[in-house]
Amino acid sequence: MCGIIGYIGNKNASEVIIKGLKRLEYRGYDSAGIALVDGSIYVNKKSGKISELTALLDFESLKNFHTGIGHTRWATHGAPSDINAHPHLDCKEEIAIVHNGIIENYSVIKKMLLTKGHKVISETDTEVIVHLIEYFYQTNPLLEAVMMAITKLEGTFGLLVISKKEPGKIIAARKGSPLIIGIGDGEMILASDASAIVEYTRKVVYVEDNEIFEISGDSFKTYTIDHEKIKKEISNIDWDISSIEKQGFSHFMLKEIFEQPETINNAFRGRMLYDKGNIRLDGLRLTDEELSGINRITFIACGTSWHAGLIGQYLIEEYARIPVKVEYASEFRYRKPILTKGDLVIVISQSGETADTLAALREAKSKGVKVLGITNIVGSTIARESDGGVYIHAGPEIGVASTKAFTSQITVLILLTIFLARRRDMNSEEGKVYLEHLNEIPGHVTEILKHSDSIREIAEIYKDKSNFLYLGRGIHFPVALEGALKLKEISYIHAEGYPAAEMKHGPIALLDENMPVVFIVPKDEIYSKVMSNMEEVRARKAKIIAIANEGDEEIKKYANHVIYIPGVRKMLAPLLTVIPLQLLSYHMAVLRGCDVDQPRNLAKSVTVE
Ligand code: G6P
């Protein structure tokens, strides 16, 4: 969702802020803006991408501003226009704020402010915050005014505030939206995620909910909402700037697809106990008794992470024989879920900040059950609020459409499956076989990536189609869902994923020569059933693209195109079958001239409900 950044130090603040906004642009790209402060205040904002704002800025003339804030927006309240762009100013144009989150009671506050004579000019929920601060600022210093204002807010915020009357400082506050402070040498960089900070420093402080920071160039003070001073720990970020550069790839998404041999390896490295055929997952923090007492697992997630959860369901039910439910986070939290002793909740989130997933985690915790988190971002809110969990170690994922995080999530779910299965029916010999085969997966992925050019040729043929169907059965059904999601996210082609046999109960009506159908059909116990489904599709003249195992010659009789992948154990197959689907959607989007890394209307991290 929106990206926010603040800078205070000795550099030209406008340059640092624009550079940081470009790094945060994947969080939202409807409009962007900047506010700089010394004795005066300078504000510029523009609808559209950050490049539109940058074109308006004369950096040389702004070089004496050393403090400022910036914002890149994903619109919630109000269209993406210049006036709705952040920063927002108070009536006297003394205070500027940027905000990530949603203020739920903004209309009540707005009514109150209007009666006090404030002029609210945008349609945003954010603008009321700056007027509220202005109201309290008449009789209080900035820090206190912000404290008083935020006690009146309902909803979520990551907030940065500057004032021309107190130019050497930034006030930062958080409730529900991520905020990190980077501590540099005589400078501080604040941002909604570390990608905008890591260029300057790896020393960071994670802002927690209901904390307020008063920040100058070389120090910060932290308070609770009740003005109590608190001490904060300094943490270190364990990745560097090269992880967030394109490194010669034309898009982040392509770079991330090609990183998968390494990222899958990173997800299992150090966790496989080969001699015991077992797994170590130290971060779970569950006692033996708690592990033995698990009667049911509920995965909760959104988007691609939810698809990973579905794969987890197939894996854990089949191999560890524990019942599993998979829930959309946004549905789970509002339908009075029943959780009792013996339930284990596992939330899956790449960013660790998705608002619905976080709320579901809190809901589950309030019911007294253990909640684990499978996340990518170390120190993210979900990682910190879970009782335990597993990091996927995929490194920063910048492409809005998730790729490497998905395969890393699946890898961790495979590890978890083996870990749980070994406590039940799986013996050490079987465990060893799976570990050996998992170890070979990165090499197989490297082989599949070599097909990128031939997948591009298939994309050339179908790039102008309006609809696609993706079909798979069993564990390949969630992969079909993920393939369809990737295609619609970045190429804007309508696509649906379906269980292959269920296709007969509806989607079959759509089939004709204009409807390409992607089948995920590696050789396993339901291979022949899927072949029958393929026959049904072929009989309706739809074109078939099949993802099949090397050596499967039979399939050529049914499919118009076959993308071959190495044959592996079913448990591991999703790690391979999804790779051609990622490449297919990538090439399709590029050929259609779409903005692959920043697809319209989407955001990488959805930190609002
Ligand atoms: C957004 C992103 C998706 C992602 C989903 C869940 O919709 O565009 O790529 O799968 O959020 O995000 P999370 O960070 O919780 O995995």
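1. A polar contact here is a pair of N or O atoms within 3.5 Å. The model is predicted. One of its oxygen atoms is 2.7 Å from a polar backbone atom of glutamine 350. Serine 349 brings a polar side-chain atom to 2.6 Å from a ligand oxygen. A backbone N or O atom of valine 400 lies 3.2 Å from an oxygen atom of the ligand. The protein buries 91% of the 390 Å² that the ligand exposes when taken alone.

2. Which residues come nearest to the ligand? They are Ser305, Ser349, Gln350, Ser351 and Thr354, out of 13 residues around it.

3. Arginine 422 deserves a look. This residue belongs to helix α13, residues 404-422. Arginine 422 is buried and has no salt bridge. The nearest side chain of opposite charge is that of glutamate 430, 7.8 Å away. The arginine 422 side chain does reach the backbone oxygen of glycine 277, at 2.9 Å. Beyond its neighbours within four places in sequence, arginine 422 is in contact with residues including Lys276, Asn278 and Ser428.

4. Lysine 232 sits in the loop between β14 (229-230) and β15 (235-236). Its side chain makes a polar contact with the side chain of glutamate 211, at 2.9 Å. The lysine 232 side chain also reaches the backbone oxygen of tyrosine 206, at 3.0 Å. In sequence, lysine 232 and tyrosine 206 are 26 residues apart; C-alpha to C-alpha, they are 8.3 Å apart. Other residues that lysine 232 touches include Phe213 and Phe220.

5. The structure holds 39 salt bridges. One joins the side chains of lysine 46 and aspartate 82, at 3.5 Å from N to O. This pair links distant parts of the chain, 36 residues apart: lysine 46 is in strand β3, and aspartate 82 is in the loop between β4 and β5. Lysine 46 is partly exposed at 22% relative accessibility, and aspartate 82 is partly exposed at 33%.

6. Lysine 92 and glutamate 134 also form a salt bridge, with closest N and O atoms 3.7 Å apart. Lysine 92 is in the loop between β5 and β6 and glutamate 134 is in helix α4, so the pair ties together parts 42 residues apart in sequence. Lysine 92 is partly exposed at 48%, whereas glutamate 134 is buried at 5%.

7. Glutamate 327 pairs with lysine 325 in a salt bridge, the closest N and O atoms being 3.0 Å apart. Is glutamate 327 buried or exposed? Glutamate 327 is buried, with a relative accessible area of 7%. Lysine 325 is partly exposed at 28%.

8. A salt-bridge network links Lys19, Arg23, Glu199 and Glu245.

Notes. Residues are numbered from 1 along each chain as its sequence is written. This is a predicted model: local features need pLDDT of at least 70, side-chain atom pairs count only at pLDDT 80 or more; totals for chains, interfaces and linings use all residues. Side-chain values use heavy atoms; hydrogens and water are left out. Helices (H or I, at least four residues) and strands (E, at least two) are DSSP runs, numbered from the N terminus. Buried means under 20% relative accessible area, exposed over 50%, partly exposed in between (1.4 Å probe, protein chains only). Lys and Arg count as positive and Asp and Glu as negative; His and the chain ends are not counted. A salt bridge is a side-chain nitrogen of Lys or Arg within 4 Å of a carboxyl oxygen of Asp or Glu. A polar contact is a pair of N or O atoms within 3.5 Å; within protein, one must be able to donate a hydrogen and the other to accept it, and residues adjacent in sequence count only if both atoms are side-chain atoms. Contact means heavy atoms within 4.5 Å. A residue is near a molecule or strand if one of its heavy atoms lies within 4 Å of it. Accessible areas come from the Shrake-Rupley method with a 1.4 Å probe; for residues, only the protein chains shown count as cover.
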